[in-house]
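Let's take a friendly look at the charged side chains of this protein and how they pair up. Please have the viewer ready.

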Amino acid sequence: MKILTGNDLLTGLVTWWDGQGWSPHVDDAVDVGEEAETILAREEAARRVNASYAIEATRDEAGKVRPAHIKDRVRALGPTVRPDLTLKPAEPEALNWVI
């Protein structure tokens with residue numbers, strides 16, 4: 001599947017395209033297929049997102065989205081040096097998801 005990511009223009013937070021807007025949670029990301037470039041151009045022009053790009057990802061049976069590249073998995077989780085500050089602090093196995 002192909003998903004979109006970027007940074008929120010106001011806060012700088014990592015965001016993921018959810019089909020209608022941008023979410024801070026990678027599991028909200030939707031498969032954009034061949035529409036990636038069209039959506040990216042529209043969203044960049046509207047100044048809702050900065051440095052956006054399309055990436056490959058997979059969705060497991062539980063609905064969890066996992067970016068294909070480690071860089072984007074780190075972006076999805078948050079700081080790896082302080083697990084208590086990640087987007088999933090209550091999940092002790094969250095850092096294993098990155099690798």
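Predicted model: local features only at pLDDT ≥ 70, side-chain atom pairs only at ≥ 80, totals over all residues.

Residues are numbered from 1 along each chain as its sequence is written, and side-chain values use heavy atoms, with hydrogens and water left out.

The structure has four salt bridges, the term meaning a side-chain nitrogen of Lys or Arg within 4 Å of a carboxyl oxygen of Asp or Glu.

| Salt bridge | N to O distance |
|---|---|
| Arg-42 with Glu-43 | 3.5 Å |
| Arg-48 with Glu-43 | 2.9 Å |
| Arg-75 with Asp-72 | 3.8 Å |

Arg-42, Glu-43 and Arg-48 join up in a network of salt bridges. For accessibility, buried means under 20% relative accessible area, exposed over 50%, and partly exposed in between (1.4 Å probe, protein chains only). Glu-43 is buried at 3%.

Now for the pair in a helix. Both Arg-75 and Asp-72 belong to helix H2 (residues 70–77), where three residues, about one turn of the helix, separate them. Helices here are DSSP runs (H or I, at least four residues), numbered from the N terminus. Arg-75 and Asp-72 are both buried.

Technical notes
Helix = DSSP H or I, 4+ residues; strand = E, 2+ residues; numbered from the N terminus.
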